[in-house]
Amino acid sequence: MSEKEYRCLLVSDFTMDNLAACLENERDFPKVRCAIAPFGQVVQVLIDTGVQFWDSNPDFAVIWTQPHNIIESFQRFLDTANVPVEEILKEVDHYSKLLMGIQNRVRFILVPTWVCPSYDRGYGMLDMRSKGLANTLMRMNLRLAENLEHASNIFLLDTQRWTNTAGKNAFNPKLWYMAKIAFGREVFVEAARDMKAALRAMTAGSRKLLIVDLDGTLWGGIVGDDGWENLKLGGHDYVGEAYRDFQRSLKSLKNRGILLGIVSKNDETIALEAIKRHPEMVLRLDDFAGWRINWSDKAENVVDLVTDLNLGLQSVVFIDDNPAERARVRDALPEVLVPEWPEDKMLYRATLLSLRCFDTSSIGKEDLERTSMYVAERQRRELKSNLESLDEWLTSLETEVRVEELTSANLQRVAQLMNRTNQMNLSTRRMTETEILNWAAKDNHKLWTFSVSDKFGQSGLTGVASLEVENRGGRIVDFVLSCRVMGRKIEETMLHVIVEHARSIGLDYLYAKYIPTKKNNPCLEFWQRSGWEYDAPLSTFKWQLGDQYPLPNCINIK
Amino acid sequence: MDRNTILNIVYDVMSELNNDRGDDDQLVMSESTVLVGPDSALDSLGLVNLIVGLEEKVTDKLGFDLDLTSEGALPQPGSQLPESGHSLRTVGALVDYIVTLLKRSSSE
């Protein structure tokens, strides 16, 4: 994992030292260093670009306010109850604009939602009516969420969940009166954990593949001994029901873009038959990107499966009911996240849903179709094993590449690719949507997207390349390709498109500078065999534009 | 009330606070650890966190409504530094003070 330390600016109308302490000392990746803006000067800090705290160039800001402080009409509503809700919502609109005004000053902005102390019963049984406290606060939060829905780098976080987890110590008036601390310690602990999960989501640190065991994990019983007909799964049985609900939650993760895999010590034929034939199975074979079902060491099988799926171990979560297997994978593969797992099957689903490793800053079309893309990839590999040469296989795929420039329609996916792709990534620039848009808008900059399809289906927008023109030459700044389509001549196709463009505008040469990271060696290996002239000391690759860069025979450009 | 029980509760709270402190800034689990005054490892915010955390923990574990913030137990802002005999001066003194409050409460 990256050792980068993220700079955070905390802006609030209450004492934030406790949150700063939690963010800085919470062990989870990534590291955070906090600066705290002057107490109670939220509006001033948001409006005044000259405030010195912005000079620290923070990576992200947390703007955490109390509703009665930041929304003046809400305080009057609390005092008199005689304030039209429209007036309060108008003020929420104004506050939303202030938040959007700092979008360009910081890469990410986290805004915890507004809550009132749980001891405040408001209007009691009338509290959910239109003049009630709970009703009004819900409408304020909803309005804020609607206003910020399309602000690509502002994320509302749910404070209510943190206060619920903290329970009765979430609010302690003594903390407020003695030190102007709005919440109990547990609230800040939960908040810091969620904020770090959000940071991981925005910096390619989230997990992409969830590998599960079968016996005792996806179903009750041992399929090899008991037979699939006798497994505990669904039916009128509380344990069977718990297994089925766990599978439902796994399927829901899969449907939002998390890949599922199986690593199990079993006879493959018997295990697959259970998945295909058991009437209560929620997960079927097409829900899994891949599996290793055999009697080999599970750590070896995890590595094998992950390699097969072109992912890194840092992308993986491994769930197994057997503590010995968990310990084995944890010891052998420290990059894999192996959560402690409850013995009680009825807690499986809750444990899964509480994991903080699958957060994502956006969910696009590619996420929703990710598993089907991997299933298609499995079919491609099966075809490959029946054909003799790589060229023969690639030609048989009938691959088409659609090349487009950056648009508002593909911006979100471009940002996602640039921020999540580790292996085939030339410079590993992590940028927000706004930063990408601003960069591409410059006259001497150009950015292309590459969408790939073949006879097995769509792989979607999987490549991004960008060019910066400098006098007679041009620099390829970004060269990013999803691992899903690596090694299928898309890399060469991208170079062909860039070279053709550079020739058409009369440039003499192109170059690319490879910036090494812990994970992008595959990118170096591709460039070294690309035919471009390699200058190892400078880590650059050069192409004289007197020569064309051929389009691979197996690719059609649309 | 067993003095050791109270001491362990104080250590529990200190241990929770240590989770939010850096490796070189950990509170030492000792009765002689200074809580207020120039030699204290805690700033005023840390002291508030300790006191409120302790009140909540004692209520949770012993069902006793501990109030450490009245009767002048907490140094007031701008006041003279506590003398060596102050009830919150050290972990040991704090434990004795809580035991006294508990005894007083049970005899009332």
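Guide: The crossing of α7(A) and α9(A) is right-handed, a crossing being called right-handed if the near helix is turned clockwise from the far one by less than a right angle, and left-handed if anticlockwise. Helices here are DSSP runs of H or I with at least four residues, strands are runs of E with at least two, and both are numbered from the N terminus. This is a predicted model, in which local features need pLDDT of at least 70 and side-chain atom pairs count only at pLDDT 80 or more, while totals for chains, interfaces and linings use all residues. Residues are numbered from 1 along each chain as its sequence is written, and chains are lettered from A and ligands numbered from 1 in the order in which they are written.

Two packed helices are described by the angle between their axes and the distance between the axes. For α7 (residues 159-166) and α9 (residues 185-202) of chain A, the axes come within 8 Å and cross at roughly 130°; axes are lines fitted to C-alpha atoms, for helices over the stretch in contact, and angles run from 0 to 180 degrees between N-to-C directions. The pair α7(A) and α9(A) is therefore oblique, since angles under 35 degrees count as roughly parallel, over 145 as roughly antiparallel, 65 to 115 as roughly perpendicular and the rest as oblique.

From α7(A), the residues A:Trp162, A:Thr163, A:Thr165 and A:Ala166 meet A:Glu186, A:Val187, A:Glu190 and A:Ala191 of α9(A), where contact requires C-beta atoms, placed from the backbone, to lie within 7 Å. By class, this contact has four nonpolar, two polar and two charged residues; Ala, Val, Leu, Ile, Met, Phe, Trp, Tyr, Cys and Pro count as nonpolar, Asp, Glu, Lys and Arg as charged, and the others, Gly among them, as polar.

Turning to the backbone, most residues other than glycine have a negative phi, and most peptide bonds are trans. A:Phe29 and A:Pro30 are joined by a cis peptide bond with omega about 0°, and A:Pro30 sits in the loop between α1 (17-25) and β2 (31-36) of chain A. A:Thr428, which is not a glycine, has a positive phi of about 50°, and its place is the loop between β11 (424-425) and α20 (433-440) of chain A. A:Thr428 is buried, with 20 other C-beta atoms within 10 Å, as a residue counts as buried at 20 or more such atoms, exposed at 12 or fewer, and partly exposed in between.

How values were computed:
Two residues are in contact if their C-beta atoms, placed from the backbone, lie within 7 Å.
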